[in-house]
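Here is a set of questions and answers for someone meeting this structure for the first time. Please keep the sequence and the 3D view at hand while reading.

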Amino acid sequence: MTDFPLAFDAARSYRRVNVSAELSQYIPVGLLILIAIAFAAGMLLASTALGQKGRRPAVKDTPYECGMIPVGDAHMRFPVKFHIVATLFILFDIEVVFLYPWAVVFKPLLKDPQTGMTIFTSMLTFLGILFVGYVYCWKKGALDWAPRRETPQPPA
Amino acid sequence: MDFPEPIRLLAFLLGMMAFVAVNAAYLVWAERKGAGRFQRRPGPTEVGWAGLLQPVADGIKLISKQVIVPPGADPILFRVAPLLVMAPAMMTLAVIPFSETLVGRDINVGLVFVFAFGAINVMAIMMGGWASRNKYAIISAARVVSQDVAYEIPMLLVVITLLMVTGTMNLNEIVQQQAGWFWHWNLFRLDVNPLMPVTFIIFFICMLAETNRAPFDMAEAESELVAGAFTEYAGMGFGVFFMAEYANIVVGCSLATVLFLGGWQSPFGVGSGVIWFLLKMYALVFTVIWVRWTFPRTQFYSLLNLSWKILIPISMVTLVLTCILLKLT
Amino acid sequence: MNLSSLKLEMATAGLGMLVLMLGAFTRRDDKRFLGAISAIGLTAILAWSVCCGAVMGVGFDGMWVNDAMALFFKRLFLIATILVTVMSAGFAGKIESGVGEFFALILFACTGMMLTASVNDFVMLFVSLETVTITFYILTSYLRRQVPSLEAGVKYLILGALSSAFLVYGITFIYGATGGTSFSGLAEFLKVNGAGGLVLLGVMLVLAGLGFKVASVPFHIWVPDVYQGAPTPVTAFLAVGSKAAGFALLLRLLYGGLLPMKATWVALIAVLAALTILYGNLAAIPQKNIKRLLGYSSISHAGFLLLGVAAATAFGTGAALFYLFAYVFTNLGAFLVIVCMANATADDEIASYAGLARRSPLLAAAMTVALVSLAGVPPMAGFFAKFLIFSAVIGQQLWWLAAVGAVGVVASLYYYLGVVKAMYWQEPRQEAAIAVGLTMKVALWFVMAATLAIGVFQGPVVEWAFEAARELVK
């Protein structure tokens with residue numbers, strides 16, 4: 001009937017689901033977050049209440065650098081590599097998020113002769129594109145973390 | 001169990017807290033004892049029999065220390081970070097089925113839930129490191145983020161190969177599918193997918209890296225960074241981070257047990273129950289400790305290259321091969 | 001009807017990935033051969049679309065329509081992209097790094113544009129439009145060591161993001177009101193409930209978002225700076241490709257989803273068209289920089305195109321399609337000359353075009369043909385295009401609109417012919433002849449010939465455009 005029964009059927013059946021019932025399942029989870037935070041906070045507060053009330057000389061408040069007097073601000077600039085790796089992570093992570101629902105319905109839909117080929121080829125195409133992107137990143141050196149060796153320059 | 005739902009849940013949560021606290025305390029003991037044995041020395045012996053009261057003494061010590069928030073630190077982020085690192089570890093335990101009925105919340109997207117909350121951990125450690133305004137802490141924070149982020153991708157990818165076989169994200173259903181003798185466990189179901197052992201090994205490596213355990217403990221490489229992101233935390237602040245680290249190991253090993261080792265199923269097809277779950281989980285925890293005291297710490301660069309250049313391609317290939325295999329069979 | 005209806009787009013995207021990989025893996029320093037590969041590949045795809053690659057019909061649950069108009073636009077985009085890749089190969093010397101990616105991005109943008117032609121659903125609309133826009137963010141700031149290019153990129157990014165936000169916000173309102181994202185669903189909703197409230201707000205926001213892409217007043221502010229600062233081939237591509245993609249979406253939306261509220265949008269677009277023509281032509285008069293001038297001129301052409309849309313008949317739509325077709329060749333001709341000139345003189349001031357006829361008769365002739373056609377002087381393609389538009393508008397008794405258009409044409413003659421005057425009747429600053437490479441020569445001759453040929457033998461193109469329009473408007 002349609003080309004992508006999975007997507008559209010999923011969308012239709014989603015509408016049938018009673019959303020509030022589906023979400024009320026997570027109310028205890030919300031409660032749990034509060035209790036978990038309270039547990040950690042309780043430990044910290046206990047430490048504050050029961051802990052020593054020692055003196056606070058200025059030297060106690062300096063950042064700990066193994067006894068050396070700190071030089072410069074700690075909030076320094078970081079190599080741009082960290083930024084690249086974070087960007088790549090976001091890309092790959094989103095690709096993976098797309099794969100999750102696909103993986104769950106993969107086996108049943110593969111058995112269905114009407115959808116079997118679609119679900120198989122569409123995701124292989126998707127992975128293929130992902131792989132091209134990955135190879136490109138690698139080739140362009142976005143994944144090279146080892147410090148680049150200085151090539152000796154001939155004297156000018 | 002016929003308790004009304006709110007009471008059951010509350011009881012479960014309290015039990016979970018106790019479980020986390022006891023685990024954290026006694027895993028430290030186990031770690032020290034194990035380390036000692038691996039290095040042919042006895043480990044803690046003084047406090048209590050075989051040092052069994054050592055964790056209690058440590059706890060008392062931590063609680064009685066002076067709490068210092070350094071004046072240079074960001075006052076809000078510095079205090080929020082320990083809460084955020086502890087909470088997700090406990091949250092994830094709530095969806096893990098300890099036995100068929102002993103599960104906090106049996107939700108249908110349990111697996112995604114675990115990964116979603118597990119990811120908060122990274123942010124919390126970075127928050128703590130950055131807010132400390134200490135050079136060691138900030139370097140460690142940057143390392144934690146790039147490391148955890150790098151290992152999250154192969155981990156998620158290999159779990160997909162497993163999901164393709166199970167066809168559900170409900171952790172309890174995944175365990176139920178593995179009922180019977182131990183060759184029904186996902187790890188050994190080579191008839192369905194001969195790549196399962198590869199998947200498990202990658203998952204285990206990634207779990208070590210995600211929990212910042214040696215040989216991937218770049219985040220708190222004591223010899224370079226003192227205590228890493230937690231350098232400026234005193235007393236229980238440090239204690240909470242420490243507890244969270246062990247709680248995360250428990251979560252990681254529980255997840256590996258549920259996904260690959262049949263969860264609470266007994267290996268002989270009869271007598272399944274919580275005991276088997278704990279047995280398998282602690283066996284994995286012991287392996288984690290064993291690995292720590294056997295392998296030296298890697299270099300940061302090779303750590304990231306291992307993920308980006310070896311594990312990710314392997315897991316992608318595993319995924320594609322599984323896809324083709326399932327198509328053919 | 002399944003994936004085979006996406007053949008052309010998949011081929012283009014595949015070509016883009018091939019170029020990307022070749023660019024990353026070849027050791028050769030001169031990456032200009034990638035331009036040749038892109039151009040040849042696109043020509044092959046174009047030929048394929050003519051002989052057998054086109055699968056007609058509706059697919060993907062009505063999200064995707066391949067009809068005569070979609071095919072018209074797809075071929076138009078392919079032709080434009082071929083010319084732009086040739087132009088980029090001539091421009092590649094100025095790109096510091098990443099020449100391979102430059103061609104790949106152009107191909108990805110082309111894929112996005114081809115997607116826009118078949119859109120019949122708001123989700124597809126957003127995805128295809130963003131594919132085009134995001135690649136253009138990168139392309140406009142490609143000369144990243146030059147401040148104007150960076151400035152252009154940032155301005156385009158900020159305003160483009162703003163317009164995308166409008167678009168998405170509008171789509172959410174429409175989804176909320178109608179419970180779906182398809183154009184046909186919206187049309188049915190409007191037929192039953194009429195336009196009003198949230199759905200009207202949503203439609204207006206979506207139209208505002210599209211207004212940014214076609215650069216109509218009052219969403220035109222980004223145009224002059226971005227056109228001036230972007231690398232010249234990118235400016236050319238923005239002027240023809242991105243604008244045509246915007247029009248493809250606009251036509252799809254107006255006739256696919258908003259037909260029941262035709263009276264409203266005809267009035268709205270007529271007013272926008274009048275304002276756009278007046279603003280574009282009047283603001284172009286004092287310009288000193290040729291790219292900026294063409295930027296304002298492109299605003300005015302968007303106005304003329306909107307005139308055809310505002311006529312809201314098959315004839316008017318056909319006229320707009322023909323106008324776009326003529327505009328692609330004409331405008332790319334002008335930009336080809338600009339690329340050659342920028343290689344020789346290193347700036348884009350109109351003053352440096354003085355006496356061009358003596359330094360390079362070919363460039364001067366090509367520029368003249370292009371500008372005269374843009375102004376709408378017979379027997380060029382631009383004349384017949386304007387003729388069709390005006391007859392469509394007058395056929396709908398929109399006299400005031402025709403009058404505004406006439407004022408625009410007169411004003412435009414002044415600034416277009418000002419450049420021609422500088423080229424032929426002013427003393428050159430320097431006498432040195434300007435060398436033009438062989439590929440560029442071929443491209444220039446081709447574009448000149450096409451501009452003339454479409455003007456003189458309009459028949460087949462007009463028929464083609466009108467057939468496409470008839471199927472859309474019905």
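The model discussed here is a predicted one.

Q: How are helix 15 of chain C and helix 17 of chain C oriented to each other?
A: The axes of helix 15 (residues 361-375) of chain C and helix 17 (residues 399-425) of chain C come within 9 Å and cross at roughly 170°. Since angles over 145 degrees count as roughly antiparallel, the description of helix 15 of chain C and helix 17 of chain C is therefore roughly antiparallel.

Q: Into which classes do the residues of the contact of helix 15 of chain C with helix 17 of chain C divide?
A: On the side of helix 15 of chain C, the residues that meet helix 17 of chain C include C:Ala364, C:Met367 and C:Leu371. Helix 17 of chain C brings, among others, C:Leu413, C:Tyr416 and C:Val420 to this meeting. By class, the residues of the contact of helix 15 of chain C with helix 17 of chain C are 11 nonpolar, 2 polar and no charged.

Q: How compact is chain C for its length?
A: Chain C holds 19 helices and 2 strands. Its radius of gyration is 21 Å, close to the 23 Å that the globule rule gives for 474 residues, so chain C is as compact as a globular protein of that length.

Q: What is the radius of gyration of chain B?
A: Chain B has 11 helices and 0 strands. Chain B is as compact as a globular protein of its length, because the globule rule gives 20 Å for 329 residues and the radius of gyration of chain B, close to that, is 20 Å.

Q: What percentage of the 329 residues of chain B count as buried?
A: The C-alpha trace of chain B spans about 65 × 50 × 45 Å along its principal axes. Of the contacts in chain B between residues at least 6 apart in sequence, 77% join residues at least 24 apart. Among the 329 residues of chain B, the share that counts as buried is 53%.

Q: Is the crossing of helix 5 of chain B and helix 7 of chain B left-handed or right-handed?
A: The axes of helix 5 (residues 135-166) of chain B and helix 7 (residues 196-210) of chain B come within 9 Å and cross at roughly 150°. Helix 5 of chain B and helix 7 of chain B are therefore roughly antiparallel to each other. The handedness of their crossing is left-handed.

Q: Which helix of chain A gives the largest share of the side that touches chain B?
A: In all, 53 residues of chain A are in contact with 59 residues of chain B. The elements giving two or more residues to this side of chain A are helix 3 (27-50), helix 4 (58-61), helix 5 (81-111) and helix 6 (116-139) of chain A. The residues of this side divide into 40 nonpolar, 7 polar and 6 charged. The largest share, 16 residues, comes from helix 3 of chain A.

Terms used:
Residues numbered from 1 in each chain as written. Chains lettered and ligands numbered in written order. Predicted model: local features only at pLDDT ≥ 70, side-chain atom pairs only at ≥ 80, totals over all residues. Contact = placed C-beta atoms within 7 Å. Helix = DSSP H or I, 4+ residues; strand = E, 2+ residues; numbered from the N terminus. Nonpolar A, V, L, I, M, F, W, Y, C, P; charged D, E, K, R; others polar. Rg over C-alpha atoms; globule rule 2.2 N^0.38 Å. Buried ≥ 20, exposed ≤ 12 C-beta atoms within 10 Å, placed from the backbone. Axes fitted to C-alpha atoms, helices over the stretch in contact; angles between N-to-C directions. Parallel < 35°, antiparallel > 145°, perpendicular 65-115°, else oblique. Left-handed = near helix turned anticlockwise from the far one by under 90°.
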